[in-house]
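Reader: I am new to this structure. Could you help me learn to read it?

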Amino acid sequence: MFNKLNATIHGISKTMAILTGWAFLLLAIFMTFEAVSRKLGGPITGVSDSFASLVMVFGATWSLSYALAADNHVRIDVLTGVYSDGMKRLTLILALLTTSIYAAVLAWQAWNLAFASHARGAYLPGSLLEIQLVWPQAVGALGYSIMVLQGAVIIAAEFIKFKEQRA
């Protein structure tokens with residue numbers, strides 16, 4: 001059962017990362033056409049800054065969980081070469097625990113902000129796009145929430161490996 005949960009969360013994280021990659025690629029194409037059109041005196045949309053902001057929120061938060069899953073997160077590996085396997089696992093668990101707790105605080109606050117924006121009926125400020133502010137905030141909150149789940153699954157997997165090695 002745990003392996004299925006692990007595979008599911010990992011699959012969700014990977015799908016989210018792929019979607020953000022495509023979003024950045026499409027944004028780059030859009031921004032290129034917008035800049036070329038502006039330079040040549042052609043039509044412009046006037047929403048390129050809003051699109052860029054939305055894709056940045058989407059890309060920055062939705063790719064974090066896959067960085068954990070793929071073991072591409074930032075850590076200091078200077079001393080891990082001299083650590084025992086148990087010490088390496090302990091430092092990994094502590095790093096993932098602090099990262100997951102931090103992500104949980106960010107998710108909690110992002111959801112609070114999204115709910116407050118929804119209650120106020122707030123829209124994107126200073127944008128030609130009429131999008132309720134709750135949507136990009138919820139997208140960011142979802143990214144942090146999946147990161148918390150991914151961190152918890154990896155921590156649990158490390159404890160399971162430890163238990164299996166001791167048996």
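Author: Gladly; we will talk about a pocket, then a pair of rings. This is a predicted model, where local features need pLDDT of at least 70, side-chain atom pairs count only at pLDDT 80 or more, and totals for chains, interfaces and linings use all residues. Residues are numbered from 1 along each chain as its sequence is written, and side-chain values use heavy atoms, with hydrogens and water left out.

Reader: What is the volume of the second largest pocket?

Author: Rolling a probe the size of a water molecule over the atoms shows where empty space is left. On a 1 Å grid over the protein atoms alone, a pocket is an open set of points where a 1.4 Å probe fits, with protein on both sides within 12 Å along at least five of seven lines; lining residues have an atom within 4 Å of a point. A volume is the space filled by probe spheres set on the points, which are joined across faces, edges and corners. Here the second largest pocket has about 200 Å³.

Reader: Which element gives the largest share of its lining?

Author: Helices are DSSP runs (H or I, at least four residues), numbered from the N terminus. Helix α2 gives the largest share, 5 residues. Among the lining residues are Asp49, Ser53 and Val57.

Reader: How are the rings of Phe58 and Trp62 arranged?

Author: Rings of Phe, Tyr and Trp (its six-membered ring) pair if their centres lie within 6.5 Å; planes under 30 degrees apart count as stacked, over 60 as edge-to-face and the rest as tilted. The count comes to 3 aromatic pairs. In one of them, the centres of Phe58 and Trp62 are 4.8 Å apart and the planes at 50°, so this pair is tilted. Both residues lie in helix α2, 4 residues apart.

How values were computed. Helix = DSSP H or I, 4+ residues; strand = E, 2+ residues; numbered from the N terminus.
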